[in-house]
Amino acid sequence: MNKNVNRILNVAFPGIAIPTCIGSVYCWSQFSANLQQLFEITKFQTSIGFTLIIFFLGVFAALFGRTIENNPKIGAILSTIVFITGFLLLGLSVYTVCTPLFFISTAIIGAGTGIGYVTPIKTLMAYFADHKGLASGLAITGFGLAKFIASPVIEWLLENVALYNVFFSLGGIYALVMIVSTILLKKYDFGEEHIVTDFKYSSILKNKEWWAIWFMFMTNISCGLSIISQEKGLLTSLGIAAIGLILSMTALFNAGGRLGFSTLSDKIGRKASYHFICSFGILGALFCVTGNPIMSIIGIFLCEAAYGGNFSALPSLLAKRFGLENASKVHSMTLTGWSIGGIFGPLLAATFTGLNLYIVLAILYFIAFTVMEIFVRK
């Protein structure tokens, strides 16, 4: 069983490479000003493009959960086609200055991102069964590292080629990496290990424990996006220099949280790891409340780590609760919380200003901690 599979070449590489490509959607802020000027739209209207990406990410992850469960190879193929199509249409919308096509293309990019996000996770956990947290963390860390890897490339392209060629070039690069990864990816053959269950989405929707996990996940997403959207403004208001360097470091803490908390969950347990994740969020928000520059920077780093860990510790938690055989389906359903958080997070940041925002976020992190403690078993 699985004797002809190289776990590094056929599992780890595609399992990290695909999320790294689709995770570049977090570089959206690098295009924002250029797109705003080109289409002659407001900053808010430009941000709708990113909101559409996040919303359709969660929706399509949920829609294709069963398909990916049966064959992750199909998920990789669909993700590649849809994601690359979205990028090429985005380039075409810029070339033709067609605003409706711009919004359509971002929705398509989000759909491809959602399908690709859940594709490799169950396969990684199956091949690395003794370290499920680490395995899922590798894929989700790739998603988090995408911003760190792609940002310099995007900046170079923005300075040297026309804006539409930036998207065409990125589409070509991502197409090459994702096609190679799709070819290499091998499905895990469960054989007699595979437990066939009559999985029904309705049974999960009636499960209080799943709803508690969903709420905790959505709340962490909302808080994380609220802080991420305010990072530059907070640092500027505090008179902190080297903002670019600090923002680059936030990507490392985000990725570190993804790998660190998922690995920690293998040692201390899935639920306990979320105690730490929510605690990091609470402390980070409270540090930002102080208004002290150093404390605020530490607070941002803690919140970034919590935001990343929230993603990476989730698959192994769900696999423990609902079985590895249902991991992709349940995980994809839970990712709808990402869609809601993508709307609720920026709304929080727009509603509450200054230090009041961080007080509210600390309270929300605490509520998520409490819900997890009460309703989720160890």
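This is a predicted model: local features need pLDDT of at least 70, side-chain atom pairs count only at pLDDT 80 or more; totals for chains, interfaces and linings use all residues.

Colleague: Is Ser265 buried or exposed?

Modeller: Ser265 counts as buried (under 20% relative accessible area, with exposed over 50% and partly exposed in between; 1.4 Å probe, protein chains only), because its relative accessibility is 2%. Residues are numbered from 1 along each chain as its sequence is written, and side-chain values use heavy atoms, with hydrogens and water left out.

Colleague: What does Ser265 touch?

Modeller: Not counting residues up to four places away in sequence, Ser265 touches Gly133, Arg270, Ser273 and Ser316, where contact means heavy atoms within 4.5 Å.

Colleague: New topic. How many aromatic pairs are there in the whole structure?

Modeller: The search finds 23; rings of Phe, Tyr and Trp (its six-membered ring) pair if their centres lie within 6.5 Å, and planes under 30 degrees apart count as stacked, over 60 as edge-to-face and the rest as tilted. Trp28 and Phe102 form a stacked pair, 6.0 Å centre to centre with 25 degrees between the planes.

Colleague: Where do Trp28 and Phe102 sit in the chain?

Modeller: Trp28 is in helix α2 (residues 28-39) and Phe102 in helix α6, 74 residues apart. Helices are DSSP runs of H or I, at least four residues, numbered from the N terminus. Both Trp28 and Phe102 are buried.

Colleague: And where is confidence lowest?

Modeller: In helix α4 (residues 65-70), at a mean of 74.

Definitions and conventions
pLDDT is the predictor's confidence in each residue, from 0 to 100. Helices (H or I, at least four residues) and strands (E, at least two) are DSSP runs, numbered from the N terminus.
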